[in-house]
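Here are some notes to go with the model you have just opened. Take them in order, with the structure in view.

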Amino acid sequence: MLLFVKEKDKERAKETTRKIIRYALPIAAMGMGGAILLEMDVFMLGVMSTKEQLSVYSIAKQWCTKAIHVNQILITGVMTTFSVLNNANIVEKYVKFKKVSLVNVVITVIAMLAMIFVLPHILIILYGAEYREVIPVLKMLTFYYGLYGVSTFYATFLDFQNKAKTRSLYYFSIIIINLLLNFLLIPKYGAKGATISTIVSLIPYTICVYVESSKCLKGYIKNRKAK
């Protein structure tokens, strides 16, 4: 009997391990995709444009990429509270989700305003007046940060709701759209072309993760009403 219980526990542990690995695969794939996406536009700009354009874009992109940490502090702190949703807590969690989502948007907008009106002056002090070309690119990339900051909230929620596979499909659309637009825009517009490509590629993804998150939450509410 004891042997049977141990074998049963082993099988259960193996099945749990398999589930974890299967779920981790799309997350790992998105991690690799993120690394590609982070450097793809920089690489293509270096190949298809000038060193000056590459330098301008790289500086602006680095500042925008670092700004996302502001959102991640909030997201990391609260997202675990939405990991377990059921009929008993869904109404309360839904209200809280909307409030935290709004807070994230407000934080993102404040950071964007700081990047548009304050950061340019800091850049001139740090890099010198010869880097003024960075400023218009930075202001354009602020919208990339805005989309990234908002979408990260919903994307993280989907990961906690076993929707990583679905999100991975949305995520790879960014890479494809960005790649195609870079080919079209970088040769003609340089750093501004790469900026437009980066912003436009994030728009469908942001819409998709928002809609998918809403569907997930409303699905719980619908099930609660049905019972």
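1. Let's start with helix H4. What covers its buried residues includes helix H2 (51-78), helix H3 (90-117) and helix H5 (134-160). Helices here are DSSP runs of H or I with at least four residues, and strands are runs of E with at least two, numbered from the N terminus. Buried means under 20% relative accessible area, exposed over 50%, and partly exposed in between (1.4 Å probe, protein chains only).

2. Before going further, a word on what you're looking at. This is a predicted model: local features need pLDDT of at least 70, side-chain atom pairs count only at pLDDT 80 or more, and totals for chains, interfaces and linings use all residues. Residues are numbered from 1 along each chain as its sequence is written, and side-chain values use heavy atoms, with hydrogens and water left out.

3. Back to H4, which spans residues 119-127: its buried residues are Leu119, Pro120 and Leu123. Looking down the axis of H4, these residues fall within an arc of 100°, so they line one face of the helix. (The arc is that of the directions from the helix axis to the C-beta atoms.) His121 and Ile125, on the other side of H4, are exposed. Just after H4 comes Gly128, with a positive phi of about 100°.

4. Now the whole chain. Of the 227 residues, 42% are buried. Among contacts (heavy atoms within 4.5 Å) with a separation of 6 or more, 82% are between residues 24 or more positions apart. The chain exposes about 13,000 Å², with carbon and sulfur atoms supplying 69% of that; the areas come from the Shrake-Rupley method with a 1.4 Å probe, and for residues only the protein chains shown count as cover.

5. How do H6 and H7 pack? Helix H6 and helix H7 (residues 191-226) meet at an angle of about 160°, with their axes 7 Å apart. That makes H6 roughly antiparallel to H7. Axes are lines fitted to C-alpha atoms, for helices over the stretch in contact, and angles run from 0 to 180 degrees between N-to-C directions. Under 35 degrees counts as roughly parallel, over 145 as roughly antiparallel, 65 to 115 as roughly perpendicular and the rest as oblique. On the H3 side the contact is made by Ile90, Val91, Tyr94 and Phe97, and on the H7 side by Ser213, Leu217, Lys218, Tyr220, Ile221 and Arg224.

6. Thr206 sits in H7 and is buried, with a relative accessible area of 10%. Apart from its neighbours within four places in sequence, Thr206 is in contact with Leu147, Val150 and Ser151. Thr166 lies in H6 (residues 164-189) and is partly exposed at 26%. From Thr166 to Val209 is 43 residues in sequence and 9.2 Å in space, C-alpha to C-alpha.

7. Finally, have a look at the loop between H5 and H6, where you'll find Asn162. Phi of Asn162 is near 60°, a positive value in a residue other than glycine. Most residues other than glycine have a negative phi. Asn162 counts as exposed, at 62% relative accessibility.
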